[in-house]
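Here's a quick tour for someone meeting this structure for the very first time. Have a look at it, then read on.

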Number of protein chains: 2
Amino acid sequence: MRLTYEEIERIAKKFGTPYQIYDKTMIVDHVRNFLSTFRKTIPKFQNFFAVKALPNPEILKILYEQGCKFDCSSLSELYICKQIVKNENEIMYTSNYTSIEDLETVIESNCIINLDDIDGLDNLVTACRRKNLEIPKMICFRLNPAIGNTSSETKSNILGGSESKFGMSEERLMKAYQTAKIVGISKFGLHTMIGSCVLDVNHWKDLIEKLYITVDRLYDEANIKLEFINLGGGIGIPYRPDQQPINLEQLVDVIHSSITQCIKKYNLPYHPNIYMENGRYITGQFGWLVAKCCSIKQDFETTFYGLDACMANLMRCGMYGAYHHITIPRLDDANGSQIVASIVGSLCEGNDQFCKDRKLPDGIRKNDLFVIHDTGAHGHAMGFQYNGKLRCPELLIEDDKSIRMIRRRETFDDLFGTCIST
Amino acid sequence: MRLTYEEIERIAKKFGTPYQIYDKTMIVDHVRNFLSTFRKTIPKFQNFFAVKALPNPEILKILYEQGCKFDCSSLSELYICKQIVKNENEIMYTSNYTSIEDLETVIESNCIINLDDIDGLDNLVTACRRKNLEIPKMICFRLNPAIGNTSSETKSNILGGSESKFGMSEERLMKAYQTAKIVGISKFGLHTMIGSCVLDVNHWKDLIEKLYITVDRLYDEANIKLEFINLGGGIGIPYRPDQQPINLEQLVDVIHSSITQCIKKYNLPYHPNIYMENGRYITGQFGWLVAKCCSIKQDFETTFYGLDACMANLMRCGMYGAYHHITIPRLDDANGSQIVASIVGSLCEGNDQFCKDRKLPDGIRKNDLFVIHDTGAHGHAMGFQYNGKLRCPELLIEDDKSIRMIRRRETFDDLFGTCIST
């Protein structure tokens with residue numbers, strides 16, 4: 001974090017607490033480095049930013065300027081991204097169990113459609129027929145390669161394997177492509193995503209080896225040369241201080257060499273483009289939730305620090321038990337003793353805890369500002385309004401370190417504005 | 001549910017899917033029976049409806065007309081309830097780790113303040129000093145009686161016991177009351193809540209026995225005669241078809257006889273009023289989420305029915321693994337065979353499942369309407385907008401079975417309206 005304790009306090013005075021803040025310079029530097037590192041080895045590499053991670057239009061504009069494209073999972077995300085992109089094929093629409101009605105809008109938008117199942121193709125054809133639209137020329141399908149675990153970080157959120165709701169088995173996928181050809185689709189992509197927040201580069205070796213079994217079959221049995229392979233967006237970030245960030249050069253090397261080996265092994269006469277759809281990796285580390293300590297309780301031999309932030313601002317700890325590093329800037333330079341304490345939100349909900357029995361610096365006082373790290377992805381976007389809690393503003397640290405509000409704090413009117421009284 | 005299959009379909013055609021619907025007549029009958037059953041034995045019994053369960057102003061008005069008061073957990077809930085009640089002391093404000101700024105507003109509202117900790121009293125005094133307000137004449141404190149389990153239903157959400165963030169140990173509580181007297185507070189309530197969704201009446205026997213240890217000490221050591229005891233809002237509902245609803249007469253009998261025994265045991269010269277703050281029990285069974293099946297996937301020997309509802313509409317299944325009964329009205333009368341299947345939402349989130357490996361009637365088709373039962377509490381109110389999903393409308397079945405929209409469907413503008421562009 002580039003802000004000093006004094007700056008964090010000054011922002012709190014101006015905008016109130018809690019606030020969610022992102023660092024533009026750090027995001028820009030990071031995404032540039034990410035794309036250039038990939039493109040040194042894989043020149044046509046693209047990252048379709050997973051909009052769900054941070055659906056703020058101002059952030060999306062920054063990412064687009066730096067060369068990201070967009071992965072959308074709903075009509076809302078499609079709506080906002082269409083206002084940003086120059087070309088509609090810079091949007092990939094990745095959804096699951098998508099209604100015919102939604103697909104009508106998606107087809108009309110001319111983005112790249114990534115279907116989760118063969119039944120999605122059925123819905124797509126129905127949507128085209130209903131709206132008298134041409135069948136899209138290109139389609140992508142999602143493979144469930146029958147591997148995948150619960151997220152190593154959250155012990156939840158199954159993305160691959162036979163219990164997952166996402167994607168198709170190899171056999172079903174083959175049938176999907178063949179059916180797609182019959183209905184007149186001529187260009188194809190292949191997508192998979194079987195893990196989130198992965199920090200081990202070998203994950204992609206396993207993934208690519210699995211994927212190329214299908215790539216080979218598609219060429220052999222259906223004469224399909226894929227336009228692209230989308231490896232998903234699983235690159236993790238080191239939420240815990242003892243975790244190492246992924247070595248990007250090594251990751252690119254593993255991806256490139258795995259693909260090269262597979263192409264050789266199967267004697268494939270072409271190289272599909274390689275896409276990913278990272279969201280967390282792009283912005284996750286460059287957002288912070290700043291909250292004020294409103295109350296301190298010491299009871300039953302436990303110390304609870306109660307913040308004015310809660311699951312309305314950050315759901316991941318309460319929902320998944322996810323780790324977020326937390327610092328108290330006023331005590332950053334303290335070399336003193338540590339205590340063990342829990343940090344909680346103010347919801348009437350037992351899960352509303354940011355951490356439990358965490359080592360923290362001694363000497364925390366009421367009104368201290370707490371910084372919850374790595375909230376630049378799946379943070380503000382996942383907040384709810386349970387207990388009538390209002391979501392906090394999103395702020396952006398500009399290149400000159402000035403602070404710009406890019407989403408305001410919610411009001412009672414935002415909460416009750418959709419209610420209808422007699 | 002009083003609606004026929006044809007009526008459910010007609011409402012879907014008019015308002016779209018998914019929709020959340022409540023039955024006014026059933027709510028009114030239920031709350032009347034609830035209050036009258038209690039008041040037959042405990043004439044001054046009050047239920048402060050937990051607004052967080054169903055914070056729709058139209059529903060709150062109905063409950064108020066039937067004699068409920070309100071329990072608020074945030075300034076937003078307080079704001080909406082103040083527009084409904086005639087007397088400010090019909091609102092109890094139950095929050096935890098509450099900021100001084102929030103308490104300033106709460107004190108000015110003249111509602112009954114229920115403090116979670118002695119430190120809340122410190123904040124209260126500071127708030128009064130800052131705003132030049134009189135210290136409230138009455139205050140309530142929350143006891144953590146060092147018992148309590150994770151919810152039997154959700155295996156989560158710890159409300160009581162030494163790991164809970166809520167309430168105070170007996171010793172700390174005694175100190176809180178003594179301090180409150182010193183700062184000039186003269187009337188007192190006592191609150192506790194150690195379990196949610198409880199269907200065993202013996203829970204309240206244990207709870208009351210624990211509570212009265214404190215009631216006795218308060219009288220003996222601090223000469224405090226409590227104005228009221230608030231037993232919390234833990235009465236459960238039978239989410240599962242094989243569960244029995246709580247026997248209300250029996251519950252009232254257990255509460256009344258436990259209190260009578262305690263008063264006798266401790267030789268207490270007074271009867272405090274008995275309050276509860278049930279939300280789930282009041283409206284939970286009288287709300288239904290109706291969603292359309294958009295897509296069916298049969299893969300890896302699993303059948304997935306994908307709905308147009310998701311965690312934006314009902315979080316409890318995904319967040320807690322909670323059971324909600326699900327029916328398909330078109331097949332209600334089918335005496336045919338059953339299948340085992342999963343019902344999922346359309347979020348790019350592995351947890352977005354309404355049920356897993358559930359026995360369902362055979363013959364489900366795409367476009368079938370699914371009814372998810374018991375969503376009248378902690379349903380719509382807990383929904384988020386992750387993945388850019390918009391929250392569905394709330395509808396009310398009036399006494400004459402006409403349908404009134406009491407909250408409209410969200411739009412893109414609702415989602416992005418707080419964003420600020422340059």
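Let's start inside one chain. Domain 1 of chain A and domain 2 of chain A bury about 1600 Å² between them, with 56% of it on carbon and sulfur atoms. Buried area here is the accessible area (1.4 Å probe) that two parts lose on being put together, summed over both. Domain 1 covers 5-20 + 285-414 and domain 2 covers 42-278 of chain A, with bounds taken from an automatic or database domain assignment. Their C-alpha centres lie 34 Å apart. Across the boundary, 18 residues of domain 1 of chain A touch 17 residues of domain 2 of chain A, where contact means heavy atoms within 4.5 Å.

A word on the ground rules: this is a predicted model, where local features need pLDDT of at least 70 and side-chain atom pairs count only at pLDDT 80 or more, while totals for chains, interfaces and linings use all residues. Residues are numbered from 1 along each chain as its sequence is written, chains are lettered from A and ligands numbered from 1 in the order in which they are written, and side-chain values use heavy atoms, leaving out hydrogens and water.

Now for the two chains together. Here is how the chain pair and the domain pair look in terms of area:

| Pair | Buried area | Carbon and sulfur share |
|---|---|---|
| Chain B and chain A | about 7800 Å² | 52% |
| Domain 1 and domain 2 of chain A | about 1600 Å² | 56% |

In chain B, Tyr97(B), Lys297(B) and Phe300(B) lose the most area to chain A, together 10% of what that side buries. On each side of this interface the count is 96 residues of chain B against 96 residues of chain A.
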